[in-house]
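Me: I would like to go through the labels attached to this structure and hear the grounds for each one.

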Amino acid sequence: MADPKKLFIKTYGCQMNVYDSERMAEAMGADGYVSVDSAEGADMVLINTCHIREKASEKLYSDLGRLRKLKAENPAMKIGVAGCVAQAEGAEILRRMPLVDLVVGPQAYHRLPEMARAPGQSIDTDFPLEDKFDALPERKALRGPAAFLTVQEGCDKFCAFCVVPYTRGAEVSRPVERILTEARGLVARGVRDITLLGQNVNAYHGMMQDQDWTLARLLREMAQIDGLERLRYTTSHPNDMDNDLIAAHGDLPKLMPYLHLPVQSGSDRILKAMNRKHSTEDYLRLIERIRAARPDILLSSDFIVGFPGETEAEFEQTLDLIRAVGFGMAYSFKYSARPGTPAAEKPELPADVSDARLQRLQALLGEQQRAAQSAMVGREVGVLYEKPGRQEGQMIGKSDHLHAVHVNDSTGQIGDLVRVRITAAASNSLAGERLPA
Ligand code: SAH
Ligand code: SF4
Ligand code: F3S
């Protein structure tokens with residue numbers, strides 16, 4: 001048998017890209033490729049790109065620049081560009097970078113093996129009607145006990161700053177039965193923790209026979225799968241948190257006490273300009289209801305500072321909202337104008353103003369994150385071991401609240417779900433001791 005060909009995939013962007021990269025690796029695996037962890041010596045390099053902010057998309061062209069030398073040494077090497085920059089820039093990438101052999105948009109991954117076999121340059125950025133995942137092989141290669149599972153893709157919200165509705169297309173939900181089959185398959189391979197993914201995951205409405213299921217209904221069904229111990233979902237929009245989903249956080253012990261619920265800003269005028277369709281008051285009331293259902297839930301969010309026209313007072317309102325909620329975790333970004341979005345038409349704030357605001361925002365969020373970590377000390381939590389630690393006899397896993405936890409446990413195995421008492425909080429992780437079962 002011929003030596004297997006080597007495939008290196010570099011992944012940028014959100015968890016959906018991580019999931020897609022795994023699926024693409026498997027599709028290529030069926031075509032005789034094995035995954036390697038460096039571009040050096042690879043027969044094919046695939047860059048799975050992100051277009052969300054300017055800096056994210058620029059990485060593609062610097063990566064391609066570096067690949068030029070490898071391609072000169074090995075002209076047979078295939079170079080592919082996938083993901084959201086592939087969708088947004090399409091044929092422009094082939095023109096600008098002749099060393100690229102193929103450009104494949106996020107909805108066309110099932111065509112990747114065929115494109116890789118074709119001579120010359122090829123491109124596919126269509127939005128086909130069929131579910132791309134149906135045409136991809138079943139998931140086999142798994143790296144650990146926690147996995148992502150995409151249930152919904154695309155977005156119809158059109159926030160004024162965001163490229164996702166253009167790069168990922170309209171909201172589409174996968175049918176319930178396919179998701180359940182994929183979940184059972186993952187559990188049969190040792191997965192115990194599944195995070196359901198969607199750009200707008202709580203807008204999920206998938207078909208089950210002739211009924212339309214919500215995300216809450218899907219979660220309730222998945223909670224019945226034996227051997228599946230933990231469920232999470234991301235990313236949600238505040239306007240799609242329906243009563244049943246909030247109630248599920250109280251009813252389902254397997255639904256972990258962590259929720260990522262981006263708010264973006266604490267100013268109603270800015271939220272309106274962002275086309276978010278919720279107010280700060282709506283958000284605060286929603287948080288109250290979620291906390292009533294699950295008091296120990298850890299809340300996470302996304303923030304954008306320096307949106308066009310944001311005043312100092314409006315920025316301070318975002319700080320006020322953060323103080324009012326108390327986030328255990330958060331991601332924050334400086335506004336980045338994206339070509340083709342409505343906000344990109346408006347004049348930008350001076351960079352130093354946005355930089356200073358981002359620093360102040362991150363200082364506050366950092367304080368809250370540390371406070372949330374310190375508050376875990378003394379508490380008993382579940383930890384799912386994902387890998388050995390750097391020290392002998394140490395295991396690292398994720399807590400129910402998604403904190404990384406280091407545990408000295410010389411008999412611990414990857415995939416064990418254990419009870420742990422948290423004993424200390426460091427800057428980015430916790431330490432704990434294993435409790436008897
Ligand atoms: N679907 C999710 C997240 C989409 S992208 C949601 O509705 O919130 C992840 C985060 O990137 C967004 O929440 C937002 O905070 C940030 N983001 C998106 N576009 C951006 C832009 N043009 N500039 C800066 N940050 C942006
Ligand atoms: Fe982008 Fe808004 Fe859709 Fe989130 S909800 S993906 S921020 S358009
Ligand atoms: Fe980036 Fe596309 Fe995800 S733009 S954040 S990779 S949906």
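Me: What is the make-up by class of the shell around ligand 3?
Reply: The shell around ligand 3 has 4 nonpolar, 4 polar and 1 charged residues. Ala, Val, Leu, Ile, Met, Phe, Trp, Tyr, Cys and Pro count as nonpolar, Asp, Glu, Lys and Arg as charged, and the others, Gly among them, as polar. The model is predicted: local features need pLDDT of at least 70 and side-chain atom pairs pLDDT 80 or more, while totals for chains, interfaces and linings use all residues. Side-chain values use heavy atoms, without hydrogens and water.

Me: Which residues are around ligand 3?
Reply: They are Cys14, Asn17, Thr49, Cys50, His51, Ile52, Cys84, Arg168 and Gln199. To be near, a residue needs one of its heavy atoms within 4 Å of the molecule.

Me: Why is phenylalanine 158 called partly exposed?
Reply: Its relative accessibility is 36%. Buried means under 20% relative accessible area and exposed over 50%, with partly exposed in between (1.4 Å probe, protein chains only). Phenylalanine 158 therefore counts as partly exposed.

Me: Why is tyrosine 166 partly exposed?
Reply: Tyrosine 166 has a relative accessible area of 39%, so it is partly exposed as well.

Me: What makes phenylalanine 158 and tyrosine 166 an aromatic pair?
Reply: Their rings are 5.5 Å centre to centre, with 75° between the planes. Rings of Phe, Tyr and Trp (its six-membered ring) pair if their centres lie within 6.5 Å; planes under 30 degrees apart count as stacked, over 60 as edge-to-face and the rest as tilted. The pair is therefore edge-to-face.

Me: What is the geometry of the pair formed by phenylalanine 303 and phenylalanine 327?
Reply: This pair is edge-to-face, at 5.5 Å centre to centre and 80° between the planes. Phenylalanine 303 is in strand 15 and phenylalanine 327 in the loop between helix 12 and strand 16, 24 residues apart. Helices (H or I, at least four residues) and strands (E, at least two) are DSSP runs, numbered from the N terminus.

Me: Are phenylalanine 303 and phenylalanine 327 buried or exposed?
Reply: Both are buried.

Me: How do you know that the charged end of arginine 53 sits over the ring of phenylalanine 333?
Reply: The charged end of arginine 53 is 3.6 Å from the centre of that ring. The term asks for NZ of Lys or CZ of Arg within 6 Å of the ring centre and within 35 degrees of the ring normal. Arginine 96 likewise sits over the ring of tyrosine 61, 3.6 Å from its centre.

Technical notes: Residues numbered from 1 in each chain as written. Chains lettered and ligands numbered in written order.
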